[in-house]
Amino acid sequence: MTVARRKAAQDAAKAEVNPHDALVLLSADHNEIRKLAQEFERRRKAAEPIEKGKLALRICNALRSQGRVKKEIFYPAAEAVLGGDDKELLGKARLEQDELQHLVGKIESRPADSSDFDSAVMLLAERAQRHMKQEEDEIFPRLRHSGLDLLGTGERMAARKAQITTAPIGRRLIRQARKVMGGRP
């Protein structure tokens, strides 16, 4: 069994015990983003621009919603209980999250049939993977043994994610999606 599969199985077992544990929720989001990136990588060469655009937008949407939840709830809660070098590590994670959001914005503003679209999505996936690994390896263990209320924070995160993912889509986002998939703006 690979490390990723073992970790996913452990997260699934933890999710059954504590379905709203903040770290379990974030790990599940990380696994979803990894799967989406792997699907894009696997299908990008043979896919039509519309299909590539849809796959890329799914990655961007997952990263954007997770980024908002982290910025609004997770990072402030983690900062409240961490100190010293751990706060510096958390600050670095916040900067990386902002960089990911910037890359998401770039991908959402370019057509899928452009020459550098695939490389931009793969760069986003690579940076997201590195960021998620750093969080899981360095920040999560420190938070697991801190005074952070993981269940309370996780419940707030789950509620906010539900708000974000069920909010109506505006016309601007629809126009952006059409642009990415190669349709009319």
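L173 belongs to helix α7, which covers residues 171–180, in a structure that is a predicted model. With a relative accessibility of 39%, L173 counts as partly exposed, because that class takes in the values between 20% and 50%. Together with I169 and I174, L173 forms a nonpolar patch on the surface, and the accessible area of these three residues together comes to about 270 Å².

H30 sits in helix α2, a helix that runs over residues 22–43. The relative accessibility of H30 is 0%, so this residue counts as buried, the cut-off for that class being under 20%.

Which residues does H30 contact, once its neighbours within four places in sequence are left aside? They are Q66, K70, M132, E135, E136 and F140. With one of these, E136, the contact is also a polar one, in which the side chain of H30 meets the side chain of E136 at 2.7 Å.

A80 is placed in helix α3, which spans residues 49–81. Is A80 buried or exposed? Its relative accessibility is 66%, and A80 therefore counts as exposed, since the exposed class begins over 50%.

How values were computed:
Residues are numbered from 1 along each chain as its sequence is written. This is a predicted model: local features need pLDDT of at least 70, side-chain atom pairs count only at pLDDT 80 or more; totals for chains, interfaces and linings use all residues. Side-chain values use heavy atoms; hydrogens and water are left out. Patches are made of residues with over 30% relative accessible area and no salt bridge: like charges are joined within 9 Å, nonpolar side chains (Val, Leu, Ile, Met, Phe, Trp, Tyr) within 5 Å. Accessible areas come from the Shrake-Rupley method with a 1.4 Å probe; for residues, only the protein chains shown count as cover. A salt bridge is a side-chain nitrogen of Lys or Arg within 4 Å of a carboxyl oxygen of Asp or Glu. Helices (H or I, at least four residues) and strands (E, at least two) are DSSP runs, numbered from the N terminus. Buried means under 20% relative accessible area, exposed over 50%, partly exposed in between (1.4 Å probe, protein chains only). A polar contact is a pair of N or O atoms within 3.5 Å; within protein, one must be able to donate a hydrogen and the other to accept it, and residues adjacent in sequence count only if both atoms are side-chain atoms. Contact means heavy atoms within 4.5 Å.
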